[in-house]
Amino acid sequence: MGLFDAAEFDAHEHVSFFADRESGLRAIIAIHRTGALGTAGGGCRIWRYRDEAAALRDALRLSRAMTYKLALVELPAGGAKAVVLDEGAGKSEALLLAIGRAVDRLGGRFIVAADVGTDGEDLATIGRATMWVSRDAGNASDAADATAYGVFVGLRAAVRWRLGRADLAGIHVAVQGLGRVGASLARRLAHAGARLWLTDLDAERRTRLAAELAATAVAPAEIFALDVDVLAPCALADALDATTVPQLRCRVVAGSANNQLADPALADALMRREILWAPDIAINAGGAIGAASSVSLDAAGGAPLRARLDVIGTLLTGLFERASRERTSTLVAAERTARERFAAMGGTP
Ligand code: NAI
């Protein structure tokens, strides 16, 4: 099968490959759509991929998801993604500046933000080589906090929809991945009275956070089969696959990870099992909202941002209603809604 026919290639507008001999940079920037304003937003991921095909697939899937995510929260831009192949040489200043030059060559069609493997400091370095850097440069932890708050609000909406519970007190939640978003989400859940089971590949991280939050630390492979109300996937892509979905005993899946479903057909499998899945493109949109805002969530002037993020709860309830009305999965309901909103903002979905 040729590249243009690959399932993840959805008539992307522009896919570029960048190489820089001096710094060793090998990167792919995929622009799915630029929208009516001619610009696309998305993160820069630095990751050790199995091979180049896996990196390309990730870039294509993540950029498409970004178009949908921005449309769902009515931010007027298309979606893109930068993927940098981590060759094990580390994240040098030269590498970050080479990323900046690559972004710059796209002339403003792509505005880069932080993602797995990059943080606010990296963005500040990238920003020395290009002006096309998201406003969250310097405070990527703010974006992660905004994401976590949005996931918290969305998880609460899902619990209300599926379990008929107005608050999270006593709700049992399993959190997979305790990085910037997962840890922040776990703290918010603990504060709301949820009982937590926590896992991370980093054993020390899971033990430390479990001790702080009076939670239970479990090994990574154990997280799926726990008898809990909610599973919150906050690690990497493909947490839900043909092996893990049959193990689930929860009634709600609501977490921050991008591309949680290894295969879109799993959305139907979850629906058949009456497990309510909060689509990642909706529930994790808080980071994009945060990146488009110039304030921190907990700063004195953070109330407007909090109000913007609260919309994620309403958005998810609307998607659950639509899925139920149209007798389809929450994934299909989210993608239909995203395409309609993208078109309403003048783009071609
Ligand atoms: P991070 O890199 O800070 O944390 C990821 C954590 O997951 C790490 O602690 C890692 O050890 C752990 N992990 C990886 N694979 C695992 C596995 N199989 N089992 C258990 N733990 C595992 O990343 P961050 O920023 O917290 O993002 C988490 C997810 O949320 C990613 O999928 C990211 O794409 C998504 N996301 C993040 C946003 C942000 O604002 N940071 C915005 C929207 C989505």
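The shell around the ligand has 10 nonpolar, 7 polar and 5 charged residues. This is a predicted model. Elsewhere, an open sheet of 5 strands carries mixed pairing.

**Ligand shell**
- The ligand is surrounded by 22 residues, and the closest are Thr 147, Val 181, Asp 200, Arg 205 and Ala 235.
- Helix H4 (140-163) and helix H5 (180-191) are the elements that give two or more residues to the shell.
- H4 gives the most, with 3 residues.

- A polar side-chain atom of Arg 205 lies 2.5 Å from an oxygen atom of the ligand.
- The side chain of Asp 200 places an N or O atom 2.6 Å from an oxygen atom of the ligand.
- Arg 180 contributes through its backbone, where a polar atom is 3.0 Å from an oxygen atom of the ligand.

**Sheet**
- The strand order is E1-E2-E4-E3-E5.
- Strand E1 (14-20) and strand E5 (110-114) are the edge strands, each pairing on one side only.
- From one strand to the next, the twist averages 25°.
- Strand E3 (residues 40-47) and E5 run parallel and are joined by 5 bridges.
- Opposite Cys 44 stands Ala 114 in E5.

**Helices across the sheet**
- Helix H1 (residues 52-72) lies across E1, strand E2 (25-31), E3 and strand E4 (78-85), and runs at about 155° to E4.
- Helix H2 (residues 93-105) lies across E1, E2, E3, E4 and E5, and runs at about 35° to E2.

Notes:
Residues are numbered from 1 along each chain as its sequence is written. This is a predicted model: local features need pLDDT of at least 70, side-chain atom pairs count only at pLDDT 80 or more; totals for chains, interfaces and linings use all residues. Side-chain values use heavy atoms; hydrogens and water are left out. Two strands pair if DSSP finds at least two bridges between them. Helices (H or I, at least four residues) and strands (E, at least two) are DSSP runs, numbered from the N terminus. Axes are lines fitted to C-alpha atoms, for helices over the stretch in contact, and angles run from 0 to 180 degrees between N-to-C directions. Contact means heavy atoms within 4.5 Å. A residue is near a molecule or strand if one of its heavy atoms lies within 4 Å of it. A polar contact is a pair of N or O atoms within 3.5 Å; within protein, one must be able to donate a hydrogen and the other to accept it, and residues adjacent in sequence count only if both atoms are side-chain atoms. Ala, Val, Leu, Ile, Met, Phe, Trp, Tyr, Cys and Pro count as nonpolar, Asp, Glu, Lys and Arg as charged, and the others, Gly among them, as polar.
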